Amino acid sequence: MEAQAIIRDFQEVPASDFMRIQDYTRDTFDDLVKFAIDAGQAYNGLPVAPSGSFEVQVGVGMYFSGGVMYPLKSVLTQSLVDFQPVANRVKVAVVAWGTEGETETAYRDYVVNLETEQTEARLVTIEKARRCNIGFIKGVESGDPQLPTIPLDRLLIAVITMGPSGIETDGVAMSTVGALSSLRSLATRTASIEAWK
């Protein structure tokens with residue numbers, strides 16, 4: 001860790017000290033990813049595959065931005081009926097971005113009277129988490145459809161090509177630009193190059 005919170009014997013420990021312990025750990029991971037893996041936008045996993053004529057599924061994976069990791073922990077199913085072109089074809093961009101927020105609430109007891117040690121239950125947030133969001137951006141319908149404009153704070157994960165009857169055969173293409181390879185994958189590719197050499 002980059003820093004440690006010091007807690008001594010018989011010391012009263014305020015909540016802020018426990019928060020600092022978590023902050024130090026999070027900052028260390030963020031810097032490790034930023035300086036040793038990738039400082040820009042990238043993704044790993046998040047496979048996009050058709051699950052019907054007008055439906056796709058995005059698998060679990062991770063979105064990275066500036067060293068910060070945003071996980072997608074469950075499969076996302078998305079209907080594309082609203083993106084259906086009338087007569088030509090259209091490209092739909094699958095994009096990712098990250099958000100952070102307080103996610104879970106629960107009742108916790110709070111001391112309201114120090115003399116009697118009376119407590120009262122209060123509903124409070126108990127978790128703050130980072131999350132990968134997945135969005136779909138529709139391009140302009142055309143005989144030669146083009147990719148829609150991608151906002152700078154979003155990362156292109158895949159491109160879906162659709163016709164009037166749904167997702168075309170081989171109509172899902174994963175983006176390789178922001179794809180982050182695992183160390184195992186890199187080691188396998190390196191071993192193949194060395195064997196060829």
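Leaving aside neighbours within four places in sequence, Arg130 is in contact with Arg26, Asp30, Val68, Met69, Tyr70, Pro71, Thr99 and Glu100, where contact means heavy atoms within 4.5 Å. This is a predicted model, in which local features need pLDDT of at least 70 and side-chain atom pairs count only at pLDDT 80 or more, while totals for chains, interfaces and linings use all residues. Residues are numbered from 1 along each chain as its sequence is written, and side-chain values use heavy atoms, with hydrogens and water left out.

The place of Arg130 is in strand β8; helices (H or I, at least four residues) and strands (E, at least two) are DSSP runs, numbered from the N terminus. Arg130 counts as buried because its relative accessibility is 15%, given that buried means under 20% relative accessible area, exposed over 50% and partly exposed in between, with a 1.4 Å probe and protein chains only. The side chain of Arg130 also makes a polar contact with the side chain of Asp30 at 2.9 Å. A polar contact is a pair of N or O atoms within 3.5 Å; within protein, one must be able to donate a hydrogen and the other to accept it, and residues adjacent in sequence count only if both atoms are side-chain atoms.

Strand β8 belongs to an open sheet of four strands in the order β8-β7-β9-β10, with antiparallel pairing; two strands pair if DSSP finds at least two bridges between them. The edge strands, each pairing on one side only, are β8 (118-138) and β10 (166-174). On average, neighbouring strands of this sheet are turned by 25° against each other, direction ignored, where axes are lines fitted to C-alpha atoms, for helices over the stretch in contact, and angles run from 0 to 180 degrees between N-to-C directions.

| Strand pair | Sense | Bridges |
|---|---|---|
| β7 and β8 | antiparallel | 20 |
| β7 and β9 | antiparallel | seven |
| β9 and β10 | antiparallel | five |

Strand β7 covers residues 90-113, and Glu104 stands opposite Glu127 in β8. Strand β9 (residues 155-163) is mostly covered, with nine of its nine residues buried. Within β9, Ala158 is the bridge partner of Val94, and Ala158 also stands opposite Met174 in β10. A hairpin through two residues joins β9 to β10.

Turning to the aromatic side chains, the structure holds one aromatic pair. The ring centres of Tyr63 and Tyr70 are 5.8 Å apart and their planes lie at 35°, so the pair is tilted. Rings of Phe, Tyr and Trp (its six-membered ring) pair if their centres lie within 6.5 Å, and planes under 30 degrees apart count as stacked, over 60 as edge-to-face and the rest as tilted. Both Tyr63 and Tyr70 are buried.

Charges over rings are found as well: Arg122 lies over the face of Tyr110, at 4.8 Å from the ring centre, and Arg154 lies over the face of Trp97, at 3.8 Å from the ring centre. A charge sits over a ring if NZ of Lys or CZ of Arg is within 6 Å of the ring centre and within 35 degrees of the ring normal.

Two loop residues complete the account. Leu46, found in the loop between β1 (41-45) and β2 (48-52), has a positive phi near 50° although Leu46 is a residue other than glycine, and at 0% relative accessibility Leu46 counts as buried. Glu117, in the loop between β7 and β8, has a positive phi of about 60° and is not a glycine; with a relative accessible area of 62%, Glu117 is exposed.
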